[in-house]
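Here are some notes to read alongside the model. Please keep the 3D view open as you go.

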There are 2 protein chains.
Amino acid sequence: MVDRVYNFSPGPGTLPVEVLQQASKDVLNFKETGIGLIEMSHRSKEFMAVADTTESMLRELMEIPDNYKVLFLQGGASSQFFMIPMNLLGDGKKATYLNTGTWSKKAIKEARLFGDIEVAFSSEEQTFNRVPTQDEYSVDSASEYLYFVSNNTIYGTQFSSFPETDKVLISDMSSDILSRKIDVSKFGLIFAGAQKNMGPAGVTIVIIREDLLDKTPKNTPTMLTYKTHADKGSMFNTPPCFPIYVVGEVLKWLKKKGGIEAIEQINIEKAGLLYDCIDGTEYYRGHAEKASRSLMNISFNLPNADLEAKFIAEATEVGLNGLKGHRSIGGCRASIYNAFPREGVVKLVEFMKKFEADNPA
Amino acid sequence: MVDRVYNFSPGPGTLPVEVLQQASKDVLNFKETGIGLIEMSHRSKEFMAVADTTESMLRELMEIPDNYKVLFLQGGASSQFFMIPMNLLGDGKKATYLNTGTWSKKAIKEARLFGDIEVAFSSEEQTFNRVPTQDEYSVDSASEYLYFVSNNTIYGTQFSSFPETDKVLISDMSSDILSRKIDVSKFGLIFAGAQKNMGPAGVTIVIIREDLLDKTPKNTPTMLTYKTHADKGSMFNTPPCFPIYVVGEVLKWLKKKGGIEAIEQINIEKAGLLYDCIDGTEYYRGHAEKASRSLMNISFNLPNADLEAKFIAEATEVGLNGLKGHRSIGGCRASIYNAFPREGVVKLVEFMKKFEADNPA
């Protein structure tokens, strides 16, 4: 076995070591075919089976209803910021967005190219330290959809319960998909870049209710039309084969762990260890308001920037990597996605206590 | 070593086994960092070095002038079909296309959404069995650019010399980039999906002259604007890290082989072995006219479809995989990209001769 470090990277994020070991074999010689997975035709029966398995595992684990399509697209979550309004809006059409961080802000900017965008809530003035409760915003009756980001990677906030609305509900779940049980039938569209909870960078999952496939305006480029990919099982053109394969392996790993309900309990416990540490002292200060705290990304500060820099440097030395906060907010951030092991969280908490004792403010 | 088969797949295509072996190690533990390449932050110094190496190797091998940007994008070559006209055309603007196969036809369809498209040559009525000579078409003086596909994967045709024009020259080189020496300075934009001559599926290389970055119409989505990616070194959002890494490894392999001039000689010799076999008998018939023959994809027919099916099945049994022609043309196709070994071509020629002797028409 390799000497693994604890990788707190916000994304691409740590993956299960069993998955890496399997990928290491399959890259070179997939299932003893004499062809490596990454040089195999996407139309071969072997790769078609890989893609089918990835989709069916996702459907099983998330209990995705039959009237939803699962698409494997390229371009990152950032491409969904324009693809959603490009497909669902058009001249004179309206949509409502909740502005709870960098990613919703970018999505709003792109959406404004395609329709009339209402921002019904924003925590930007509070440095995005919270997400709204249901009574803090209302949705215009003319809106085609309500868009929100379920977990904000940078600010460490998360919707603990989802917006209730009679509109089509759309969510960017890039950083918390598969981390907790959700009811897909409440959503019109869910999307997520793979590189946090699902696999490597290079594939974005879109789960879309079938009736939304018919809303795309004429003259939309073929590759940007959801229906193109839905009709061809994401094989209209060559898909990102290797990322799709790894997502499938991660899903198999998740199923073996007991599925989403089991991982959700582990995630609650892992985050609890860290928040208990933060709450037990004045030395560490969590960025997010308590009711908005994320189970995936814990953003926190030390008494000053010098101590933060020292903290990150010394943590790296003892094999706790990737704890530097995002440049837009500074401080520290521990990203503890599904595949991040509990032992790493325990080790971080021990380190935090020792660092506080050794480095009084 | 694994028991490799000869993989004639048109793409994703065979890769050098040394590259697969290196990737197999790095996926699990990149350079002894204790983190696998596919779970590593794209902003880490380790991955930034990978991306830098890939770009600088490509610049060195292709002798790309300094006034060109190299972009690593997602969405496949198919996304360039609309991105090029979306960025370079607009109301009332015109462009000229040469229609020499399935991929140019698809590109023309998308371009028509963004401007006035002139098709100056088409070999569609001859089942795309040839590419034009310079005197077979002219380019409207109002055209913004002239677009052509340098090698047609399906029909096995290739431009042996490139169009001469005073317009911006744009080429889809997906299936022959790096296979022969070209003068990049003659082009405004070159693009190529990686999965034939460069690496795995999931990354598309765009080489664009800097002055073209300023032509994009306002209100183009951020992710679809070339300048976005040019200004951020293809790190505006999370790039397809693993495909970029593998491309870098393939480029290192190519340099060790002697670079593009050396591989071009090998490619000429490899294709020559196959064309000599085809020309030495009436049994096999090449699809392309001789002057338009591709060095990358050799599409050919046997006396009838039953013999073709038998040929493909028996070839597969002896470890010659992926010889089935594209569904739009039928017959057989041998794709022999840079990484396809000469020994495999020799083995195919031997098999063809034996098959002909054993199975008279």
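1. Ground rules. This is a predicted model, in which local features need pLDDT of at least 70 and side-chain atom pairs count only at pLDDT 80 or more, while totals for chains, interfaces and linings use all residues. Residues are numbered from 1 along each chain as its sequence is written, chains are lettered from A and ligands numbered from 1 in the order in which they are written, and side-chain values use heavy atoms, with hydrogens and water left out.

2. Two domains. Chain A is split into domain 1 (18-256) and domain 2 (258-358), with bounds from an automatic or database domain assignment. Their centres, taken over C-alpha atoms, are 26 Å apart. To the contact (heavy atoms within 4.5 Å), domain 1 of chain A gives 29 residues and domain 2 of chain A gives 26 residues.

3. Helix 9 of chain A. Helices (H or I, at least four residues) and strands (E, at least two) are DSSP runs, numbered from the N terminus. Helix 9 of chain A (residues 342-358) has 17 residues and spans 24 Å from its first C-alpha to its last, close to the 24 Å expected at 1.5 Å a residue; the expected span is 1.5 Å times one less than the number of residues.

4. Which residues of helix 9 of chain A are buried? They are A:Gly344, A:Val345, A:Leu348, A:Val349, A:Phe351, A:Met352 and A:Phe355. Buried means under 20% relative accessible area, exposed over 50%, and partly exposed in between (1.4 Å probe, protein chains only). These residues cover an arc of only 165 degrees around the axis, so they sit on the same side of helix 9 of chain A; the arc is that of the directions from the helix axis to the C-beta atoms. On the other side, A:Glu350, A:Lys353, A:Lys354 and A:Ala357 are exposed. The cover over the buried residues includes helix 7 (259-279) and helix 8 (305-317) of chain A.

5. Annotated residues. An unreviewed UniProt entry lists residues under "binding site", among them A:Ala77 and A:Asn237; such annotations may be inferred rather than shown by experiment, feature names are shortened, and positions are given in the numbering used here. A:Ala77 lies in helix 3 (residues 76-88) of chain A and is buried, at 14% relative accessible area.

6. A:Asn237, in the loop between helix 5 (226-231) and helix 6 (241-256) of chain A, is buried as well, at 11%. Leaving aside neighbours within four places in sequence, A:Asn237 is in contact with A:His42, A:Met223, B:Gly75, B:Gly76 and B:Ser78.
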